[in-house]
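Look at the sequence and the structure first, then read the points below.

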Amino acid sequence: MMQVKVFEDYDTLSRYAADIFLEQIEKKPDAVLGLATGGTPEGFYKHLITSYQNEKLDFSTLRTFNLDEYYPIKREHPQSYWTFMNDRLFAYVNIPNRNIHLPNGETTNVDAECNRYEEEIGSIGGVDIQILGIGENGHIGFNEPGASFDSRTRMVELTKNTIQANSRYFESEEDVPRHAITMGIASIMQSKKIVILASGVKKAEAVAKAIQGEVTEELPASILQKHPDVIFLLDKEAASLLQS
Ligand code: F6R
């Protein structure tokens with residue numbers, strides 16, 4: 001079932017997302033969390049850290065899998081998704097390093113790395129709860145328009161639109177890696193529960209198409225209409241093109 005909730009502001013939306021995760025973790029303290037990078041979940045991570053500091057959340061038995069990583073990129077590169085996660089969450093909570101998983105952007109054998117990642121998720125029973133953002137073009141993870149709904153973890157080429165959107169984190173557009181390793185759409189759809197966040201008017205068109213449009217590979221997030229347990233958390237701007 002798909003649920004949609006619209007919030008007055010970004011902070012309320014972020015807190016609500018964190019509360020959904022807390023509720024799941026209470027039921028399953030060794031839950032497998034699917035995590036995303038990007039600007040949208042930053043508030044969500046802040047609320048998770050606050051919950052940890054208030055002793056409402058213990059990361060010691062949680063396991064995390066991130067959606068994607070640039071390729072090629074060194075783990076310690078300031079813009080790697082590993083660094084992003086470390087700076088926004090992992091450095092502040094008691095998660096054991098061995099419980100943290102991201103695709104390895106340094107690998108020399110991309111196919112083996114993709115298979116390993118996909119198998120590792122499968123071997124621990126799959127993701128229990130996945131946080132997602134949405135691209136302005138409707139992408140989820142780095143599954144750009146046209147990606148197969150059957151796709152699994154693999155290397156992809158980033159679109160111009162995504163390179164431009166992500167260049168805000170780099171010195172220039174030329175510095176953005178052209179490829180990434182991403183969980184596929186089928187990998188994401190296997191998560192037992194999905195929480196997708198969108199904030200700002202730039203996301204309004206993709207959000208409206210994802211929720212009310214045709215289910216098509218041209219708008220990757222539209223596949224979520226077929227997921228049994230997905231909730232869209234939107235601020236008013238991101239919800240502004242939804243038809244009531
Ligand atoms: C990040 C990811 C991407 C982002 C999307 C939105 O791991 O997989 O799909 O969720 O590009 O990015 P922001 O939140 O920066 O607008």
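The points below cover the ligand, the pockets and the cavity in turn. The model is predicted. Rolling a probe the size of a water molecule over the atoms shows where empty space is left. The ligand sits in the largest pocket, and 13 residues surround the ligand.

**The ligand and its shell**

- Among the 13 residues around the ligand, the closest are T40, D68, H139, G141 and K203.
- The shell around the ligand consists of three nonpolar, seven polar and three charged residues.
- The side chain of D68 has an N or O atom 2.6 Å from an oxygen atom of the ligand.
- For H139, an N or O atom of the side chain is 2.7 Å from an oxygen atom of the ligand.
- G141 takes part through its backbone: a polar backbone atom of G141 is 2.7 Å from an oxygen atom of the ligand.
- The ligand taken alone exposes 410 Å², and the protein buries 92% of that area.

**The largest pocket**

- The largest pocket, where the ligand sits, has a volume of about 710 Å³.
- Its lining is made up of 38 residues, and T37, G38, G39, N166 and R168 are those nearest the centre of the pocket.
- By class, this lining holds 14 nonpolar, 17 polar and seven charged residues.
- Three elements, β4 (68–71), α3 (81–88) and α5 (160–166), each supply at least two residues of the lining.
- The element that gives the most to this lining is α3, with five residues.

**The second largest pocket**

- The second largest pocket holds about 290 Å³ of space.
- There are 19 residues in its lining, and R75, W82, I100, L102 and P103 lie nearest its centre.
- Two or more residues of this lining come from each of α3, β5 (100–101) and α4 (110–123).
- Here α4 gives the most, with four residues.
- Sorted by class, the lining of the second largest pocket has seven nonpolar, five polar and seven charged residues.

**The cavity**

- The count of cavities of 30 Å³ or more comes to one.
- The largest cavity has a volume of about 50 Å³.
- The residues that line the largest cavity are E118, I121, G126, V127, M183, S187, Q190 and S191.
- This lining divides into three nonpolar residues, four polar residues and one charged residue.

Key:
Residues numbered from 1 in each chain as written. Predicted model: local features only at pLDDT ≥ 70, side-chain atom pairs only at ≥ 80, totals over all residues. Heavy atoms only, no water. Near = heavy atom within 4 Å. Polar contact = N/O pair within 3.5 Å; in protein donor to acceptor, adjacent residues only side chain to side chain. Areas by Shrake-Rupley, 256 points an atom, 1.4 Å probe, with all protein chains shown as cover. 1 Å grid on protein atoms, 1.4 Å probe; cavity = no way out; pocket = protein on both sides within 12 Å on 5 of 7 lines; lining within 4 Å. Sits in = over half its atoms within 2 Å of the grid points. Nonpolar A, V, L, I, M, F, W, Y, C, P; charged D, E, K, R; others polar. Points joined across faces, edges and corners; volume = space filled by probe spheres on them.
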